[in-house]
Amino acid sequence: HKFILRQLLTCINKFNDVCREMLHDEEEREDAKFKQHWAKKLRRQSSDYKIGEGDKLFLKENSKFAAQMTKNCETKLVLSDLITKINRKGRPQERIFIVTEGAIYNAEPASLKVRRRIQLSNISHVSTSLLSDNFFVIHVPTEYDYLFVSPRKTEIIGALRQAYSVATKEELQLVMQNIIDYRIDKEQLRRLVFEQAEDGVYTKLYAKKAR
């Protein structure tokens, strides 16, 4: 009887191992399918995108920002939109996100005061999760990174990639993973962790020290 039980347990363990491998392979296939779908959606968004039609806030008609563009030798406004920036303390701030043919801008909504301008060529890549959420990170290795939240994430990233491609003649890399590290300054990192639950996507933010 003991021999039969041992054989039975061995068979059950082997069956469980096979099931785990099959589940892992299925999860990898689903991740790959999602990445392909999202990348296809972004490529379509970028290819269909026309410079100027993403100016949701009509800033090309704003004399103050037009002067800012002239100062930086820019003539094409690719996108403008309200967006939520997560600051280094993890607090949300409403900002205006602007993409021109040469840079991205972070401006204050009320005054249009430019808080930061980043040359497109200084952006290394954009990170998003594999889940259905509105977060994305713009990585700037020479300075520090930005964490944004927007329900129009796909459109914003599509416009950014299109502008980047025109400006640099290269493709802006899109990294998709459920754990994202980003830099808030030279010494500090933040880790963004996404988890799927029955009632939606949970997002957790952790502090890390730069190596």
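Student: How many aromatic pairs are there in this predicted model?

Tutor: The count comes to six aromatic pairs.

Student: What makes the pair of Tyr144 and Tyr146 edge-to-face?

Tutor: The ring centres of Tyr144 and Tyr146 are 6.1 Å apart, and centres within 6.5 Å make a pair. The planes of the two rings stand at 85°. Planes over 60 degrees apart count as edge-to-face, so the pair is edge-to-face.

Student: Why is the pair of Tyr146 and Phe148 called tilted?

Tutor: Here the centres lie 4.9 Å apart and the planes are at 50°. Stacked needs under 30 degrees and edge-to-face needs over 60, so the pair of Tyr146 and Phe148 is tilted.

Student: Which residues form one aromatic cluster?

Tutor: The cluster is formed by Phe97, Phe136, Tyr144, Tyr146 and Phe148.

Student: Why is Tyr146 counted as buried?

Tutor: Tyr146 has 6% relative accessibility. Buried means under 20%, so Tyr146 counts as buried. Phe148, with a relative accessible area of 1%, is buried by that cut-off.

Student: And why is Tyr144 called partly exposed?

Tutor: The relative accessible area of Tyr144 is 30%. Buried is under 20% and exposed is over 50%, so Tyr144 is partly exposed.

Terms used. Residues numbered from 1 in each chain as written. Predicted model: local features only at pLDDT ≥ 70, side-chain atom pairs only at ≥ 80, totals over all residues. Heavy atoms only, no water. Buried < 20%, exposed > 50% of the residue type's maximum accessible area, 1.4 Å probe, protein only.
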